[in-house]
Protein chains: 2
Amino acid sequence: MPTGVAILGCGTVGSAVAEMLLNEKLLLKKRAGRSFDLRHILVRDPARPRPGIPRRLLTTDAAKILHDPQVHIVVELMGGIEPAGTLIRQALSLGKRVVTANKHLLALHGVDVFRAARKAGSSVCFEASCGGAIPIVMALSRGLVANDIDRIIGIVNGTCNYILTRMSDGQTYAQALAEAQSAGFAEPDPTMDVRGTDSAHKLAILAALAFGVQVPFEKIQIQGIDSLDAVDLNYGRELGYVCKLLAIAEKINGYLSLRVHPAFVPRQHLLASVGGPFNAISVFGHASGQTLYYGRGAGGRPTASAVVADIVDSAMGTADVLFRELPALAGRSPARIMPPSAVVCRHYLRMQALDQPGSMHRITGVLGKKGISLAAVAQHESRQDSYVPLVVMTHEAGDGAVTAALRVLNRLNCVRGKVSHIRVIDPAQAV
Amino acid sequence: MPTGVAILGCGTVGSAVAEMLLNEKLLLKKRAGRSFDLRHILVRDPARPRPGIPRRLLTTDAAKILHDPQVHIVVELMGGIEPAGTLIRQALSLGKRVVTANKHLLALHGVDVFRAARKAGSSVCFEASCGGAIPIVMALSRGLVANDIDRIIGIVNGTCNYILTRMSDGQTYAQALAEAQSAGFAEPDPTMDVRGTDSAHKLAILAALAFGVQVPFEKIQIQGIDSLDAVDLNYGRELGYVCKLLAIAEKINGYLSLRVHPAFVPRQHLLASVGGPFNAISVFGHASGQTLYYGRGAGGRPTASAVVADIVDSAMGTADVLFRELPALAGRSPARIMPPSAVVCRHYLRMQALDQPGSMHRITGVLGKKGISLAAVAQHESRQDSYVPLVVMTHEAGDGAVTAALRVLNRLNCVRGKVSHIRVIDPAQAV
């Protein structure tokens, strides 16, 4: 008996899932041992042409879908908080299994959605919410189930990684963004991506899974890539680093630190080799040591690969068992979040310093006063300007101290404009 | 109610699993929602001191273990074909769930073992048989279940990768092997590792899973690293390549090509960055595109991480469902194997050629006659010798043609000794 499926939303991912269910029946039978009956697709405008998708499947009537007794699995691919959240809750209460790729909803309301699923004796699968085709939800919750997870470091936004890769090739931020948009790797409105919000959504989900806690989204420190200057990526490269937008969750002294920010990664590290639209997530377990998962983080077919795997899991009944049994999905206790200011790492600073006796002395004085010690300083020569670029690499220093120092430096007369600041991941930390 | 577990074998992995089950009860309760009761460990010599493992658990009596009604899961970590195979079959017929890390047994007799499990209505979990801590079995069979897999390229033997990494740093093969042995990364008898057999065992298992076929082990083309010369790794580096022992399974024109051999991988490729004892497996799915999985491929605790994940899956009952439902584990049809001679790739050749008019002409003549066209040739200068190193990089050429050409070249008067031959992975193929 084929399993009845309905899809809510028919954008890039929704239509890719529909096409797999419609056109790859033989493959699914061979690989998953199952047949699926795609019964409905919820759309806003049924008149819009959708090549390859039969018109009779399209409907604007959510109630019709949710009350179809032959729909076993509801696949939510609309995105956003509403109406997706309400439809998922209704589907669960009507006994449907739910599969979703909705990172935004789960990051903000995952605890509630999961509670509704448990109450209904059903399950919510969400492999496609993080890392596209990469089976990272499965790896964290099941493959590494025997591990106390210490740290997750990931590149989880393909748009930003594409832009940073192009900036490393010499483009400006604006050029790289425009190219990403025309190549289909960035949305017309890229705000959620380039400001780091999308990465933070995924981090919230991954951290909840890895650490078995409730993650308060608003406590995640978030900095995007939209204020980066290609000049700094160039200096970083000369120092042996590649700039990546990282999502980091780690246990530090009983606290959980959660942060999204650009960072310099040592060139020889695996994360530094992750180029273009790819994602990669490094997970450090107490028994496994480091494992890393790499693949396409977005796009119709890669994401559909994860959605259909979840549909198979739901149809087999294993999703229900895992959902009921694995405490990682219950998130019983709220996380104790470490204040961002207490996080310690090395820092790269670059400023335009007045080329005049005393400048260096004043700048290093500000850093010294905040307890920030210098690992390397390079003042570059300039013949056309009375201001010269001064690049500073610090030893490990608290984020709070550096932020405080930056406030002072930005007001010094001998510093022109704003000081560039990029955090640095040490090889020891990254490997 | 805790789930009863028995372990067969108490070597590096067996003792690590025992320690996790005995000492990490709180963690397992928190992460997996379960308690386990380790009831027996089968050993050869109960008198041998095993710190941290209570003497009362040790026994030499396999029948006692298999007939204990409170043992729900039998974990086979003895390795080798017998008595492991017989004990696994007995355990299955007595209604036990089996977890094993035994790649040797599964590569040669997996079809039989899985058939016995299905007949008994039980399951065999084997995540730890390939890639140590990396959840690659789960990724191939479940995470990528919606994909038609085109190709797997992996570094699946940590011993060889450690040796090759050290050889790239300038050591000879013998030095690197000795160091690997003293660092605990190579067995006292490293034959199975360095000759490629262990990699082929893992490839047989991964290919069966990925392609849903029976893999005839004896048809895998196997070449190890024990005849590599560090000189060639050095020339390769100058050309932008890193040498890795690769296990490759790929579909070519309806056939399955299965091979283990050293290969030059482009430096910028992710597999080139996999150093020391780490493993990495690249999988190309028709929907997912490339995904890659990286982690520690051996060692007590990393492997125990995978074994305990399987124990959890068995205890939850999900292993039984997956085993029953997923055709990938049934391997119904035998694979149509492509003859190794038909595989096409680029080739690196290096020979000591007589520094005399006509040498180059005769050598290139041999290659031309076999239809092998040259992409690059470099003859290095030598002042002390009448023979000079000649390095040839071919365009794509069939393995059979190159093998035939090597036979001729090795007999030429103007070539001293044996021609070095390393296959080359192209960037396009690798990414």
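In the predicted model, A:Tyr294 has B:Leu292 as its bridge partner in strand 13 of chain B. Strands are DSSP runs of E with at least two residues, helices are runs of H or I with at least four, and both are numbered from the N terminus. Two strands are taken to pair if DSSP finds at least two bridges between them. The model is a prediction, in which local features need pLDDT of at least 70 and side-chain atom pairs count only at pLDDT 80 or more, whereas totals for chains, interfaces and linings use all residues. Residues are numbered from 1 along each chain as its sequence is written, chains are lettered from A and ligands numbered from 1 in the order in which they are written, and side-chain values use heavy atoms, with hydrogens and water left out.

The interface between the chains involves 53 residues of chain B in contact with 53 residues of chain A, contact meaning heavy atoms within 4.5 Å. About 4600 Å² is buried between chain B and chain A, 59% of it on carbon and sulfur atoms; buried area is the accessible area (1.4 Å probe) that two parts lose on being put together, summed over both. Between chain B and chain A, 20 residue pairs are in polar contact, both residues being at pLDDT 80 or more. A polar contact is a pair of N or O atoms within 3.5 Å; within protein, one must be able to donate a hydrogen and the other to accept it, and residues adjacent in sequence count only if both atoms are side-chain atoms. On the side of chain B that touches chain A, at least two residues each are supplied by helix 2 (25–32), helix 6 (136–143), helix 10 (197–211), strand 13 (289–296), helix 12 (300–316) and helix 13 (318–325) of chain B. The residues on this side of chain B comprise 32 nonpolar, 11 polar and 10 charged. In this classification Ala, Val, Leu, Ile, Met, Phe, Trp, Tyr, Cys and Pro are nonpolar, Asp, Glu, Lys and Arg are charged, and the others, Gly among them, are polar.

Chain B and chain A are also joined by 2 salt bridges, a salt bridge being a side-chain nitrogen of Lys or Arg within 4 Å of a carboxyl oxygen of Asp or Glu. A:Arg34 forms a salt bridge with B:Glu325, with the closest N and O atoms 2.4 Å apart. Over all chains, 38 salt bridges are found in the structure. Within chain A, A:Asp198 forms a salt bridge with A:Lys103 at a closest N and O distance of 3.3 Å. This pair links distant parts of the chain, with A:Asp198 in helix 10 and A:Lys103 in helix 5 (residues 103–119), 95 residues apart.

Chain B contains an open sheet of 6 strands with parallel pairing and the order 3-2-1-4-5-6. Strand 3 (58–59) and strand 6 (124–125) of chain B stand at the edges with a single partner strand each, so one side of each lacks a neighbour in the sheet. Strand 4 (residues 73–76) and strand 5 (residues 97–100) of chain B run parallel and are joined by 4 bridges.

A cis peptide bond, with omega about 5 degrees, joins B:Glu82 and B:Pro83. B:Pro83 lies in the loop between strand 4 and helix 4 (84–93) of chain B.
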